[in-house]
Each structure stands twice: as structure tokens, then as C-alpha cells.
Amino acid sequence: MSELSATVYSEALPPVTGDVRAQLVVVEGRDRGRGVRVGADEVVVGTQAGCDLVLTDVRVSGRHMAVREDGPGRFTARDLGSRNGILYQGSVISEAVVGLGATFKLGHSFVRIQPLVRPLEVAPSQARRFGDLVAEGLAMRELFAVLELAAGSDATVLIEGETGTGKELCARAIHDAGARRQGPFVAVDCGALPEGLIESELMGHVRGAFTGATSQRAGAFARAHGGTIFLDELGCVPAPVQARLLRVIEERAVRAVGADRERPVDVRIVAASPDDLDTRVAEGSFRADLFYRLSVIRVHLPPLRARREDIPALVTELMRRRGLEPGPIAGSNLDLLMAHDWPGNVRELRNVIDRAVALSPGSEGFAGLRVSVGPGSGDDDPLPVRSDLGYVAAKEALVSAFERRYLRDVMARCEGNLSAAARASGLDRKRLRALLRKHGLRS
């Protein structure tokens, strides 16, 4: 999938005319991006040269899997006697009848049945902003056109994109542009909540429902009644809560933890995830039925590095929000911003502008700012190697300095979100929390 495109899967948007043709595409793994059309004749996936889709994954067999189309939107996938099997929705299959969007795990690779790439029959928006999202380039204006249509309905929206691309801004803009704008907008960061508290935060609880529940509390769904609930970091929701969440979506009723009765709720749901949830479904860690109910309209926010043409407009907006007249967005400062890779996306750009404004008192316009795209805290200096200490002590001091700097940076990039930092660093939450406490970065 191109990072520049807005991908949409929806019955709520104008249909694309013509026959839907499918392809089998590698969406994760060494061969990401390779694909083959799927028709009435079987296509074979494997590592042998004669296969229709040849993979280089060493965990994939020579002839691993075959897929054919049985009818519109209906496919049969079968195992060809592979060594490691086919994982589909968490189960090993020998043969299965599936629909569009089905994702399979073969070895270390994920392959998905999806429609052939077709032009999206929605003209780019003429607007240069949607809520607090601003842009000049075609990629975002195509996305704006989709969001404008989505806002006019009550359809559930799934927003995907890297950390810092503006998923919550997107969700809030959908709410503000829709019929529920007068109702509440309730955001829940599922990744920031301990697993034991996610259900209580979403559903609410009655007094005495569990240890520490000294009073009754309304959950996020009840608080969002008449408005919109935004579920961020959706992939962090544990399996038992996924089942409760699916019931709420289907029945439009919520039962608080410890309560005997359900309470009707009228909410629009917007969810977001930085992960490709298709692969989580294939692994079995995310319910397929919940995924399909949440992805009625599915959009992808492109990273800032894929839409650098929007940087001048973003800088202008950020400075004006701070009461400053930006003047021309050009010169060496703009060259510096355009050359950066922006791993933290728009959130990182915002921090860069905030730092530049703070370090440039009395400056006139963007040209007068002291712009730096580094961390801005002296971290560009090399780690200290203390030759005045013995080898073991010097090594311990160096490791300690590395740990503190690394932890501070990863927590800053993840906006203090422990779950997101654990995923980014590859550390489990308990180990990460212990290291943060060790270095005084968390109480």
C-alpha cells in the first residue's frame, strides 16, 4: 500500500463501478509489496521458481499455499502440505472459504486477499483544511474528501497511521463536522491504561464491583452518549474486553462492571491504531469480527515524510496558533525542515517550532527563528567515556548514560505512553517501568 494514498473500505461511500477483481499481496515480510491476481484458476504461493507468487521467506515451503476465486468476493485457500502451515485468524487451516480482506500468515510473512488497486472515485477536496488538519498536497486533500463524506454519516471509522500523524485531530474533526457536533467527544487511550482497568474505563463500574471501586463511575461509552467516542491504540485492547466491545457495537447497549442491567448508548465510534490490524487478526490476537465492525470506513494518514509539500502550510498554522506572524516560509530554515525524515511526524514538527520560538525571543517571522531538528537537549554530544575510572566502573557509567538517554528519548517520542514505548523499544512493560524508575524518569 502506498503511504501517499487514502485507503478506504466502505459501503457508506460511493461505490466503484465494474467487476471487483482481487489480488493476493504480501503486506508484511521480506517480500512486502509483491502480488498476483486471483481468479478462477488457483494461484500458488511458495519459494519455488515456478510458483505464481514467489517468496524469499525461508520459513515458507516450496509450494506452500493455493488460492482461487469461487465467486464475487468468495475465495478458497488451501494448504499444499507446507512444513509450517497457514495461520488464519489465529488457527492453523488446511482449507478455508474466505472473503476479501482475509489475511494469512505463512512463515514470517503475511499475505492478504484484497481488491486490485483502483482509482478512488472521490475527487480531491478543494479545502486546504479539515478541522485542525491542514495541507496543500494532493494526498491529504484526497483524504479530506473521504473524511468530509464520512463526517456526514454515522458510520464507524478506523484511522491508521504512524504515531504523531494526527489521528486524534482527525477523529475530532470528523466529530466537529458531523451531526453530533453538539454532543460530547470522549477520547480513550487504550494503550495508556493497565489491562485490568480498560473494561472499567470503557464500560464503567458500580460501587463494590472490584477492590478500590468505592463509588459508581460512568464509563466512556456512557459519557459519550449523544456524541462520539474515540478509541485510540485499539490494538492494546485485551481479548476479553474485545468481546465486550463487540457486544456494545452490535447491541448499542453497555453494562457496567458489576451491574445487572444494560444501559442503551447512542454513540458514534471512531477508532485508531498505529499498527496494521490485519496482521493482528491473522495472528489471532485481535478478533476478526470486531475488526470488520470497526473498519466500515478505513483511512490511512500518511507520514509527514511522504507529504513534505505540506510542511510550509503546517509551519504557518503552528506559528499563527501561537500568535505569531510567520511571514514567508522559505530559506535555510525551510531547507532544514524539508531535509529531515520526521520519525515523530507532525507532533515532532510542532515540538521543533515550539523550541525554535522559545529560543528566538523577539524574532520576526519564520526566517528569524533558530530552527534545530535535533532533540535540543545536548544529546548530540557523544556518550561520556570516563578514563579516570577503572574499566568496570567506566563501562557501568557508560551503560547507565546510554540507558537514561535512550529511555528519555523513546518516552518523549511516545508522548509518555508506556505501552507504546514498550512496543517501540522491544522491552516488556515491567522491564521498561523498572528501568524508568532506576533512572528517575518515572515515580
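**Note on the predicted model**

1. Start with helix 10. Helix 8 (311-321) and helix 9 (332-339) are among the elements that cover the buried residues of helix 10. This is a predicted model, and the points below should be read as such.

2. Which residues of helix 10 are buried? They are Asn345, Val346, Glu348, Leu349, Val352, Ile353, Arg355 and Ala356. As background, an α-helix has 3.6 residues a turn, so residues three or four places apart point the same way.

3. Helix 10 covers residues 345-358, 14 residues in total. From first C-alpha to last, the helix reaches 20 Å. That is close to the 20 Å expected at 1.5 Å a residue.

4. Next, strand 21 (residues 268-273). Why is strand 21 described as largely enclosed by the rest of the structure? Because 6 of its 6 residues are buried. Burial here means under 20% relative accessible area. Both faces take part: Arg268, Val270 and Ala272 point one way, Ile269, Ala271 and Ser273 the other, and all are buried.

5. Strand 21 has parallel partners. Strand 14 (residues 157-160) pairs with strand 21 over 4 bridges, in the parallel sense. Strand 18 (residues 228-232) also runs parallel to strand 21, joined by 4 bridges. Ala271 is the bridge partner of Leu158. Ala271 is also the bridge partner of Leu231.

6. Last, the aromatic pairs. How many does a search of the whole structure find? The search finds 5. One of them is Phe130 with Phe144, a tilted pair at 6.3 Å centre to centre and 35° between the planes. The pair links distant parts of the chain: Phe130 lies in strand 12 (residues 129-130), Phe144 in helix 1 (residues 138-151), 14 residues apart. Phe130 counts as buried because its relative accessibility is 6%. Phe144 has 0% relative accessibility, so Phe144 counts as buried as well.

Methods:
Residues numbered from 1 in each chain as written. Predicted model: local features only at pLDDT ≥ 70, side-chain atom pairs only at ≥ 80, totals over all residues. Heavy atoms only, no water. Buried < 20%, exposed > 50% of the residue type's maximum accessible area, 1.4 Å probe, protein only. Helix = DSSP H or I, 4+ residues; strand = E, 2+ residues; numbered from the N terminus. Pairing = 2+ DSSP bridges. Phe/Tyr/Trp six-rings, centres within 6.5 Å; stacked < 30°, edge-to-face > 60°. Expected span 1.5 Å × (residues − 1). Contact = heavy atoms within 4.5 Å.
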